[in-house]
Amino acid sequence: DEKENPYYQFIVSSGLLEEIKAWDTGLIGLSIISPSQVLFSFTLGYLLKKSALRVPVVIGGQWVSLFRNELAKRDDFSEFFDYAIFFEGETPLLELIRALAHKDELSTVPNLIYQSNGRFSFSSRHSTERINDLPAPDFECLPLERYNSFSKGEVALTFESSRECY
């Protein structure tokens with residue numbers, strides 16, 4: 001609801017949609033880690049899908065993994081997103097990008113919820129990452145000056161270096 005949803009008002013009035021359109025990207029991904037990010041992410045997804053921007057929107061993250069079965073049951077899921085990646089997403093996201101670029105079968109992309117014959121389905125493959133084989137994160141092109149995560153004047157970035165119980 002554009003009157004009741006503060007994120008709707010923020011996204012529209014801040015020019016965020018125009019900024020995202022200017023990225024000229026082939027895919028937009030949103031990571032939803034906690035329940036507090038759901039309303040903003042779904043609002044952004046809805047507005048992106050409603051806009052003239054014609055790129056796939058994919059969600060992933062811990063929240064998506066927890067609620068994957070419920071998401072797949074929703075008839076209105078496609079109003080917000082095109083795809084969802086559950087569990088670990090490094091390899092599935094890369095394989096989704098490759099499948100979309102080559103118009104390959106989506107059922108082989110691991111950990112994916114995708115639309116087939118008007119319904120959402122789970123892919124036939126499952127992927128588990130070997131964390132020691134993954135490259136370190138590359139933040140080179142990230143506009144760090146736009147984030148308020150400074151510690152004594154320097155940017156502080158964190159990332160998980162383990163899986164399951166730390």
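**View 1. Helix 1 and helix 3 cross with their axes within 9 Å, at roughly 50°.** Axes here are lines fitted to C-alpha atoms over the stretch in contact, with angles from 0 to 180 degrees between N-to-C directions. Helices are DSSP runs (H or I, at least four residues) and strands are E runs of at least two, numbered from the N terminus. On the helix 1 side, the contact (heavy atoms within 4.5 Å) includes Tyr 7, Phe 10 and Ile 11; helix 3 brings residues including Phe 40, Leu 44 and Leu 47.

This is a predicted model, in which local features need pLDDT of at least 70 and side-chain atom pairs 80 or more, while totals for chains, interfaces and linings use all residues. Residues are numbered from 1 along each chain, and side-chain values use heavy atoms, without hydrogens or water.

**View 2. The largest nonpolar core holds 28 residues.** Such a core joins buried Ala, Val, Leu, Ile, Met, Phe, Trp, Tyr and Cys residues through side-chain atoms within 4.5 Å, buried being under 20% relative accessible area with a 1.4 Å probe, protein chains only. Phe 42, Leu 44, Leu 48, Ile 59 and Phe 81 have the most contacts inside this core. Helix 3 gives the most to it, with 5 residues.

**View 3. Look around Leu 44 and you will find Ile 11, Leu 16, Leu 17, Ile 20 and Leu 30 touching it, leaving aside residues up to four places away in sequence.**

**View 4. Strand 4 (residues 112–116) and strand 5 (residues 119–122) pair in the antiparallel sense over 4 bridges.** Pairing needs at least two DSSP bridges. Ile 113 stands opposite Phe 122 of strand 5. In this hairpin, with 2 residues between the strands, Asn 117 takes a positive phi near 55°.

Notes: Buried means under 20% relative accessible area, exposed over 50%, partly exposed in between (1.4 Å probe, protein chains only).
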